[in-house]
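Here are a few exercises to work through with the model open in your viewer. Try each task before you read its solution.

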Amino acid sequence: MYKVAIIGAGVSGLSMANYLEKNNIDYHIYERRTQNDLKGHGFILPKEGIEFLSSIVNIDELYKKGQFLKKYLHYHQSGEVLSEKELDDVFVVSRSALIEILAQGVPSDKISYETTVTLNGFSDGKADITINDGGPLDADIIVASDGSRSRIRRNIFEDEKMKAVLENEVVNIIENEEIAGKLESNFLKFHHEDGGLTFGVLKLSSTKVLWYCQFDITRFFINEDYTPDCIRQFIVDHFGDWNPLVTSIINDSSYENAHIWRVYELEKLNPFYHENVVFIGDAAHPLIPFTSQGVTSALKDSFVLTNLLLEGNSLTETFKTYEEVRKAEIEIHISNGRALLNQFLLPLCEQQKNTLPISYK
Ligand SMILES: Cc1cc2nc3c(=O)[nH]c(=O)nc-3n(C[C@H](O)[C@H](O)[C@H](O)COP(=O)(O)OP(=O)(O)OC[C@H]3O[C@@H](n4cnc5c(N)ncnc54)[C@H](O)[C@@H]3O)c2cc1C
């Protein structure tokens, strides 16, 4: 059987490790960050994502860390409800909680933190890889799960073009029991009437709230120092006169952990493999935020790839089938994401009513 090296312990790398562990395939996972650096935002997961997670993690423990959302409420910035929609098993959880739960399924001797992997080239059809700029890494298969700006991908596909998406986001998680209580289990999203500016808020637990804003980068500008003070100023300047719920949230928030997501996408997807390197998650296909499909797609990549490895065909055949299966679905999410982005940029009166911020295939 193969020896697999997984590069990156985000959701995609850790889910791959969990599937390989369950199927007794030899692997080791290498991660650049420290074990306790679990910074980050939160994820909205459609039902399918929960189904994939159920087969690899203790699902009851995951349920304790997040929240099922009952309704999507679409508001005007003033607080007037424009439409509402029931949600079918959509779950929200913080990135740190999901990463922690996924890491529990990986024995400590199979994961190395603070280990940066570099691709130096290829010889005899195999990647020449070193760790921490030192010793060689010996593996039959390299699973590159090193995120949307994957160095491994850029080394291989030197001509690729990443382009800035017209929308960026500020994401924040705050502790505030009073606000959490007001939100019940609903997903609230407020829209500026001229388009290109939204504020979304959801409850993560009885004390934690996740909020985010999406803004058109051609109309709204944030100081590029991205310090907590710069982010606070940006938010107050643009949302300070919205309805009382939004203003109370932005005024009662700490901005120490607020995160700015500068969104990029590939002009065109690359192949999902090259020689013995195969890409999963954001490294294969960065998805824009409107889809809420990044995590579910990463889980599905790992699931499909593991099952194909178990079939025991040649690596090229395995990777080719993996690409055929996954690329077709990813293209749908990319196209849905672009359509949702175009809607977002339009004035509110021209946007379609009742559109969920989730891409379904
Ligand atoms: C603000 C924000 C909000 C999001 N919201 C949602 C959402 O609501 N729903 C959803 O489904 N998705 C969402 N996404 C997308 C989602 O985060 C990703 O699609 C998903 O987590 C899969 O990520 P990944 O594991 O492929 O990559 P990453 O999470 O980027 O992980 C890559 C890992 O590789 C490591 N690494 C990189 N280079 C090296 C190297 N050379 N050597 C070793 N390690 C390396 C990095 O340290 C990192 O830990 C959001 C993303 C962001 C940024």
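**Exercise 1. Find what surrounds Lys203.**

Task: list the residues that Lys203 touches, leaving out those up to four places away in sequence.

Solution. Before you start, note that this is a predicted model, where local features need pLDDT of at least 70, side-chain atom pairs count only at pLDDT 80 or more, and totals for chains, interfaces and linings use all residues. Residues are numbered from 1 along each chain as its sequence is written, and side-chain values use heavy atoms, with hydrogens and water left out.

Step 1: with contact meaning heavy atoms within 4.5 Å, Lys203 touches Gln67, Val92, Ala180, Leu183, Glu184 and Lys208.

Step 2: Lys203 belongs to strand S13 (residues 197–203); strands here are DSSP runs of E with at least two residues, helices are runs of H or I with at least four, and both are numbered from the N terminus.

Step 3: check the charge. Lys203 is buried but has no salt bridge, and Glu184, the nearest side chain of opposite charge, is 8.1 Å away. Buried means under 20% relative accessible area, exposed means over 50%, and partly exposed is in between (1.4 Å probe, protein chains only). A salt bridge needs a side-chain nitrogen of Lys or Arg within 4 Å of a carboxyl oxygen of Asp or Glu. For opposite charge, Lys and Arg count as positive and Asp and Glu as negative, while His and the chain ends are not counted.

Step 4: look at the backbone too. The Lys203 side chain reaches the backbone oxygen of Glu184 at 3.5 Å.

**Exercise 2. Trace the sheet.**

Solution. Two strands pair if DSSP finds at least two bridges between them.

Step 1: S3 pairs antiparallel with strand S5 (residues 81–94) over four bridges, and Gly42 sits opposite Ser94 in S5. S5 then runs antiparallel to S4, joined by eight bridges; here Tyr72 has Lys85 in S5 as its bridge partner.

Step 2: look at the other side of S4. Six bridges join S4 to strand S12 (residues 186–191), and these two run parallel. His76 stands opposite His191 in S12.

Step 3: Strand S4 (residues 67–76) has seven of its ten residues buried, so it is largely enclosed by the rest of the structure.

**Exercise 3. Follow the salt bridges.**

Task: which parts of the chain does the pair Lys300 and Glu329 tie together?

Solution. Step 1: the two side chains meet in a salt bridge, 2.8 Å from N to O.

Step 1: Lys300 is in helix H9 (residues 294–311) and Glu329 in helix H10, so the pair ties together parts 29 residues apart in sequence.

Step 2: both Lys300 and Glu329 are buried.

Step 3: widen the view. A network of salt bridges links Glu48, Lys300, Asp301, Arg326 and Glu329, and the whole structure holds 15 salt bridges.

Methods: Polar contact = N/O pair within 3.5 Å; in protein donor to acceptor, adjacent residues only side chain to side chain.
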